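Please keep the sequence and the coordinates at hand while reading.

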Amino acid sequence: MAKVIIGCWQDDLIDNRNTPKRLIEDGYPGLDELEKDNRLRAFIGWDGFFIFDREAPVVDMFRAYVQKVQEESCGYCTPCRIGTKIMADKLGSIADGFGREQDLEEIRKLALVIRDSSLCELGHTSMSALLKAMKTMPEVFEQAVRERRPVPRGAYHSIATAPCIEACPAHLDIPSYVDAIRSGNYFESLAIIGRKNPLAGICGRVCVRPCEFVCRRAELDEPISIKYLKRFVNDQIFSYAMTRLRSVEPTPLSSDKKIAIIGAGPCGLTAAFFLRRKGYGVKVFEELREPGGMSAVGIPDYRLPREIINTEVNRIAAEGVEFHYGVRIGRDVTLKQLRSEYDAVLMAIGAHGSKMIGMEGEEAKPSGLVAGVTFLRDLNLLHPRGEFTPPEGKHVVVVGGGNVAMDCARSARRLGYPQVSIVYRRTEKEMPADNEEIRDAKLEGVEIHFLTHPIRLEVSDGKVTGITCIRMELGEPDASGRRRPVEVKGSEFLFACDIVIPAIGQATDLSLISGDMPIKTTKWGTVEVDENTLMSSREGIFSGGDCVTGPKALIDAMGHGIHAAHSIDLYLRGETMGPPESERIFRMLKAMDLPQSPVNRVGNKPRRHLEPRPVEERMGDFDEIEGGYMPKEAIREAERCLRCYRIAMFVTEE
Amino acid sequence: MTTTTAAEKKIIAVTIDGTPVGVPEGSTILDAAQKAGARIPTLCHHPSLAPIGSCRVCLVSVAGVDRPATACNTQALAGMAITTRSEGLFNLRREVIKMILAHHPLNCTPCPLNGDCRLQDMAYEYDLTTFDFSEYLLKTVEFPWKAFSTPILDYHPRRCILCGRCVKVCAEIRGLGAITMNGAGAHTVVEPVMADRESQSRCISCGECMRICPVNAIEERMGSAKGKPWETTKTQTTCTYCGVGCQLDLNVVGGRVVGVTTRDDVGVNRGRLCSKGRFGYTFIHSPDRLSRPLVRNAAGELEETTWTTALTLVAREFRRIRDNHGPQALAALSSARCTNEENYLFQRLARQVFGTNNVDHCARL
């Protein structure tokens, strides 16, 4: 626990300078993990600062902070480009012992100009901490000017971040690639995405976009359409990438170490890409005959066309990653064999099994009961080849409220079932599926029954004839903050139907580790890993993605892929494994959970929405339901970005 | 997808410094201010480009919003109350202009824009001189030793105020996107975009960036002493390089053409030119250019003569060839440097006087 001596955040001032040390009780939890045995002395952020050490190098740390702002300034607007340079120079001369009395007044004046006249949020937020420090402890700065000798220096760890960057599990530099789109520089934009995300086309279509939910533009009108902008740049350069593939040389092998990756899903592909870029030999083993994992067999083609996945994988293969399809570890090769042949193994096997609802009669597996993931998998694998035989019947009931449930229901409508219903035990507000998904499902004629829970499967002659449900009502909030549904006594009713598709959750098939090489698992049926390194209980075997976290979003799995690649790299080089400094800073910022002052500008430029194909037309096929942005629209949309860059800086002992 | 339809272009009411004014929906605050007759200084704004908003000198106050907004790229909304003049805004603009000038050479005397420069006018209006920067104690910014240049254009990072007009004009009007801003903070410079390290710059030296640069940071390499604005006579003429008919102004100093400029509101080209029209004027004063007729003497050497002698000789010889060998022994080849009318007359001469259809034209230069 780091304890605040003096600090200021927004309008709250903490001043413990004259408080005896033993009385300073409250500290910030989670602030000690930046570096082991390296004590935190101070923090400077976008709305204030905290000092944890009476001897902190105040003047020099603000010099370092403004210097960092200057280094991060994009150079586009005058106040941030030149103003922060003047500020950094001035604070530098004070820190060097050449300060003059009038300098402090000048700094204050310039800081106000920069705050009020900068183009983006970087300039707006960069001066806030300094202004607050000069107000709360002017004597420190005055002393430095008066004494005219060099002030003590400190060790600094800083990062340029933004709410969207912090929310993204892959920590993609979103304002930067949106800015590149704004200036029409699509190549650069895709290159910025590619530093963290080799699957831009996939992410640009099906990402659950945690970034958009924290977008500060929402305070003015609507969030930026980050997902569709990513899709736009990817699609713009699609043909270019195809022609370039032939000329791309694989990254030269700089290491004789070899890595096996089990599973060609989002986590495996991301890790493979970054490890190959680092010069390791990488082989990916995939049970299915095609790449993509859950993104290929769990998401219908109308949301994510298969050719997009194939292009991305070809791009990764062009880097020199080898793919082996149709190989199941545990059946064709054992995990032990794999571990002995490779220097490191990454298990990214996803969660392709389905969970039971827990209703009577489902264990007998009557005909007409199809698990959601199985339904989507058969559909995705067989339908394009014309070999898919849909389960017989007319009325489909999908159980669940997530995106998988929506995918099942909307696919069922496309397959021609005249009546498709979803039953969900809470209300629309608690539904985990995307709002757009729910909206589109309703438009496509899917009935959604809220506050309804199935309790018994009605079967006759080994075939589903209906489902008995019970009405629910919302009770007290549970651990997740959602109100827990409670059964309404005596409200059972029969729902006649022919097909029941449970889509309430997925499980990992852990059969590959139960054989000759046992690995610890959790009580939730996932692989147990050290969350700092993603290494499992067995040395050299790493794991990431859904098989560790349970079913989560694509971007979470990709974040794990980046993390695993980093850990494997350190492991193979014999270094201590652990998250990189930037990741540690992100964790600390998350632990601090500091609020940000509201955006105060002129807004009202609403978001550009994509025009979906008419319902009647799209119901007949599995093609994408909406085209992407046109260049002009994309540039307009990108112009809406406020570039909420903010600098966070930690001052430590050494 | 939002499309602009007639219905959306309704008139909205805003107040500029207390004066109510009606503007079409979608107008910027700058448009509204112009309509109300309030002058707002601008530097990066250019009517033919989408608003940039980088220079920050057009800041205005909007009632109810703490942060000043840039007039050039902020949409005016119904009921908005805008202040364009106040002591606070004057001081804010003055500080911003001071920052721009802090990194721009102030030796205006040798600059060809001296006397016709927006930045200079602004410094005058906002009462800024070299002495105002002494308090900044500026450390010099080192720029890359080799700045961006092409065989025709030079970029001077020290003069550049990074307004971003050149980058925009290249992307929006030329459609190339050949240049971009690179670097960070005070070290930002304009550089060519490279798709990868091996590829060539996409720049075609059209000079649109030079035309739109407000501070002469991009300059042509045909010599720098081009005369001052007050001693330059501008003569409007039509470009002779192709059939488009672009309008340009020949800048004449002391009877010599020293450059080509354009005006944004004139001609089919609206200020735009290609590299030939803009830079291909040095032939005018070339010593190799024929200015008098030459005729070979008995020894086979070219000798100066009068137009009468020369034309008589040409007419006699052409007639001789036509009479002795027939009209098909003659052909007429004319030049793209001539006007349509001259070319028309020339083919009439060939067909009706020479009696041949052997007519051709170089069509491009």
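## Conventions

This is a predicted model, in which local features need pLDDT of at least 70 and side-chain atom pairs count only at pLDDT 80 or more, whereas totals for chains, interfaces and linings use all residues. Residues are numbered from 1 along each chain as its sequence is written, chains are lettered from A and ligands numbered from 1 in the order in which they are written, and side-chain values use heavy atoms, with hydrogens and water left out.

## Aromatic pairs

Rings of Phe, Tyr and Trp (its six-membered ring) are taken to pair if their centres lie within 6.5 Å, and planes under 30 degrees apart count as stacked, over 60 as edge-to-face and the rest as tilted. By this rule there are 19 aromatic pairs over all chains. In one of them, Phe62(A) and Phe141(A) have ring centres 6.2 Å apart and planes at 50°, so the pair is tilted. Phe62(A) belongs to helix H1 (residues 58-72) of chain A and Phe141(A) to helix H6 (residues 138-147) of chain A, so this contact ties together parts that are 79 residues apart in sequence; helices here (H or I, at least four residues) and strands (E, at least two) are DSSP runs, numbered from the N terminus. With a relative accessibility of 0%, Phe62(A) counts as buried, and Phe141(A) is buried at 2%, where buried means under 20% relative accessible area, exposed over 50% and partly exposed in between (1.4 Å probe, protein chains only).

Tyr186(A) and Phe232(A) form an edge-to-face pair, with 5.1 Å from centre to centre and 90° between the planes. Since Tyr186(A) lies in helix H9 (residues 186-194) of chain A and Phe232(A) in helix H12 (residues 226-236) of chain A, the pair ties together parts that are 46 residues apart in sequence. Tyr186(A) counts as buried at 16% relative accessibility, as does Phe232(A) at 3%. Elsewhere in chain A, ring pairs link Trp9(A), Phe43(A), Trp46(A), Phe50(A), Phe52(A) and Phe650(A) into a cluster.

## Charges over rings

A charge is said to sit over a ring if NZ of Lys or CZ of Arg is within 6 Å of the ring centre and within 35 degrees of the ring normal. The charged end of Arg182(A) is placed in this way over the ring of Tyr76(A), 5.0 Å from its centre, and Arg414(A) lies over the face of Tyr302(A), at 3.8 Å from the ring centre.

## Salt bridges

Side chains of opposite charge can pair when their charged atoms come close. With a salt bridge defined as a side-chain nitrogen of Lys or Arg within 4 Å of a carboxyl oxygen of Asp or Glu, the structure holds 73 of them over all chains. Arg108(A) and Glu105(A) form one at 3.0 Å, N to O; these two residues are 3 residues apart in helix H3 (residues 101-117) of chain A, and are therefore separated by about one helical turn. Both ends are partly exposed, Arg108(A) at 30% relative accessibility and Glu105(A) at 47%. Asp116(A) and Arg115(A) meet in another salt bridge (3.3 Å, N to O), in which Asp116(A) is buried at 19% while Arg115(A) is partly exposed at 27%.

In chain B, Glu208(B) forms a salt bridge with Arg211(B), the closest N and O atoms being 2.8 Å apart. Both residues lie in helix H5 (residues 208-212) of chain B, 3 residues apart, about one turn of the helix. Glu208(B) is buried, with a relative accessible area of 1%, and Arg211(B) also counts as buried, at 18%. Salt bridges that share partners join Arg303(A), Asp407(A), Arg410(A), Arg414(A), Glu437(A), Arg439(A), Asp440(A), Glu444(A) and Arg618(A) into one network; Arg414(A), one of its members, is the residue that lies over the face of Tyr302(A).

Helix H1 (residues 29-36) of chain B has Ile29(B), Leu30(B), Ala32(B) and Ala33(B) as buried residues. They cover an arc of only 160° around the axis, which puts them on the same side of H1(B), the arc being that of the directions from the helix axis to the C-beta atoms. The face turned away from this buried side carries the exposed residues Gln34(B) and Lys35(B).

## Loop residues and a nonpolar patch

Leu290(B) is found in the loop between helix H6 (275-279) and strand S13 (294-296) of chain B, and counts as exposed at 66% relative accessibility. Together with Leu294(B) and Leu302(B), Leu290(B) forms a nonpolar surface patch with about 300 Å² of accessible area. Patches are made of residues with over 30% relative accessible area and no salt bridge, with like charges joined within 9 Å and nonpolar side chains (Val, Leu, Ile, Met, Phe, Trp, Tyr) within 5 Å; accessible areas come from the Shrake-Rupley method with a 1.4 Å probe, and for residues only the protein chains shown count as cover.

Gly445(A) is located in the loop between helix H20 (435-443) and strand S15 (446-449) of chain A, where Gly445(A) is partly exposed at 36% relative accessibility. Gly445(A) and Val420(A) are 25 residues apart in sequence and 7.5 Å apart in space, C-alpha to C-alpha.
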